[in-house]
Amino acid sequence: MSDLKQDALHYHELPKPGKLETGLTKACETQRDLSLAYSPGVAEPVREIANNPEDVYRYTGKGNLVGVISNGTAVLGLGNTGALASKPVMEGKAMLFKRFANIDVFDIEIDCDDTAELIQTIANIAPTFGGINLEDIAAPQCFEVETALKAQLDIPVFHDDQHGTAIVAAAGLMNALELQHKKLELARIVCVGAGAAGIACMNLLMAMGAQKANITLVDSKGVVSTHRTDLNRYKEAFAQNTNKVCLADAMVNADVFFGVSDKDILTVEMLQGMAANPIVFTMANPDPEINPILANKTRDDLIIATGRSDYPNQVNNVLGFPYIFRGALDVRASEINMAMQIAAVHALRKLAHSSVPDEVLDTYGLQELSYGKEYILPKPNDPRLISVIPQAISQAAIESGVARITIKK
Ligand SMILES: NC(=O)C1=CN([C@@H]2O[C@H](COP(=O)(O)OP(=O)(O)OC[C@H]3O[C@@H](n4cnc5c(N)ncnc54)[C@H](OP(=O)(O)O)[C@@H]3O)[C@@H](O)[C@H]2O)C=CC1
Ligand SMILES: CC(=O)C(=O)O
Ligand SMILES: [Mg+2]
């Protein structure tokens, strides 16, 4: 067994299985405590909430509780592992919500592939939560589930693999483009992966100025073109009238490669065929579309990022979801809209320009780190993230009219 495999299994198993447990916020020791916490005292907040539903935020943990919900149909890049096997990832997301943004989470794994039933199940349990983070639900089902829940619910519903990924990748790309002296409006972008992450990344980049005519989307069958008859409507929106058929065709002269697909599909030859000063985001987890060491050996003019923690330039939604939900919950936002997403992109992008705190250097065992080709985004343990990103999100929520309170609880 490899060291990483053995260490990872031990980490999850010992000294207690899993990564989460529940904790108490009130004393529950004396007879009086019991009378307040449970019967008869608990009837009082029940009556208050029944009379005024907003009081649920006053008397329960709803306002700081997020449901991390999956049906296990697209778990990392491992495919449809099923709901049960997705639990370590959902516990992992819960851990990061708590560690980085002090948000409590129930991880919910739902054994259900039927879209209508999945929507109904999530809607039925929504009263528990202040927000819902959908995770690792495959496309195109994820688009329908998110759209339906957003329409029905008055709490933020956010598919992390779509928007969390898109926000972080867009922030990284803005910086990488600046460092490579390229413009988003002119960049020729190849996006491999036309699922949750790929479609959302391209939509956000377009909202920020990328030109649809410069985007080539590629899925497991090849280039998404108008000649194809097997496209869903989300892919169809990006179909180009082109004779390019495969990834190798698409990569010729590309400025940017966005990989949100599968391991080892970007070859050395494809990388060699990219334009000067290319940008390569190989975001598939756990194994990227190209090994970054190989990519760096192949070209010395590129900026490369992965989704992983063990190489420079981690482009991973961990930089997004804890802080985005923190900002949304703090002002009780009814949704996480495009204005809030773009505000997060700019806040994240800008933070990489300022000097790196010593505790970040210590964690990564580094003497020095500054904005440049190997540091395009803040590191996930950067203590400034929790003040900068939520603040930007809350402000954008207020300005776009979706905040329901204006001061932090
Ligand atoms: N770094 C990060 O923060 C994040 C990374 N990811 C990674 O992105 C990947 C996709 O996740 P997600 O979008 O949620 O999954 P989806 O299942 O929604 O989409 C997967 C997409 O990848 C395509 N694909 C799969 N294999 C290949 C291949 N060999 N060549 C070309 N395209 C391929 C699929 O094609 P088809 O449509 O034809 O089936 C599909 O369009 C995963 O590896 C995941 O770990 C996801 C979210 C965040
Ligand atoms: C990071 C993440 O959410 C994924 O790979 O699915
Ligand atoms: Mg995910």
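**Reading the ligand and metal sites**

Colleague: An oxygen atom of ligand 1 lies 3.1 Å from a polar backbone atom of alanine 139. What is a polar contact?

Modeller: A pair of N or O atoms within 3.5 Å; within protein, one must be able to donate a hydrogen and the other to accept it, and residues adjacent in sequence count only if both atoms are side-chain atoms. This is a predicted model: local features need pLDDT of at least 70, side-chain atom pairs need 80 or more, and totals for chains, interfaces and linings use all residues. Residues count from 1 along each chain as written, chains are lettered from A and ligands numbered from 1 in written order, and side-chain values use heavy atoms, without hydrogens and water.

Colleague: How many residues surround ligand 1?

Modeller: A residue is near if one of its heavy atoms lies within 4 Å. Here 26 residues surround ligand 1, with Ala194, Ala197, Ser220, Lys235 and Asn317 the closest. Helices α8 (160–179) and α9 each supply at least two residues of the shell (helices are DSSP runs of H or I, at least four residues, numbered from the N terminus).

Colleague: Is α9 enclosed or open, and why?

Modeller: Buried means under 20% relative accessible area, exposed over 50%, partly exposed in between (1.4 Å probe, protein chains only). Nine of the twelve residues of α9 are buried, so the helix is largely enclosed by the rest of the structure. Among them are Ile199, Cys201 and Met202.

Colleague: Which protein atoms hold the magnesium ion, ligand 3?

Modeller: Donors are N, O and S atoms within 2.8 Å of the metal (3.2 Å for Na, K and Ca); water is not among the atoms, so sites may look incomplete. For ligand 3 they are Glu135 (OE), Asp136 (OD) and Asp161 (OD), 2.0 to 2.1 Å away. Their sequence spacing is E-D-x24-D. Glutamate 135 is buried, at 1% relative accessibility. Aspartate 136 is buried too, at 2%.

Colleague: What do these side chains do at ligand 2?

Modeller: Polar side-chain atoms of glutamate 135 and aspartate 136 each lie 3.1 Å from an oxygen of ligand 2. For aspartate 161 the distance is 2.9 Å. Alone, ligand 2 exposes 210 Å², and the protein buries 86% of that.

Methods
Accessible areas come from the Shrake-Rupley method with a 1.4 Å probe; for residues, only the protein chains shown count as cover.
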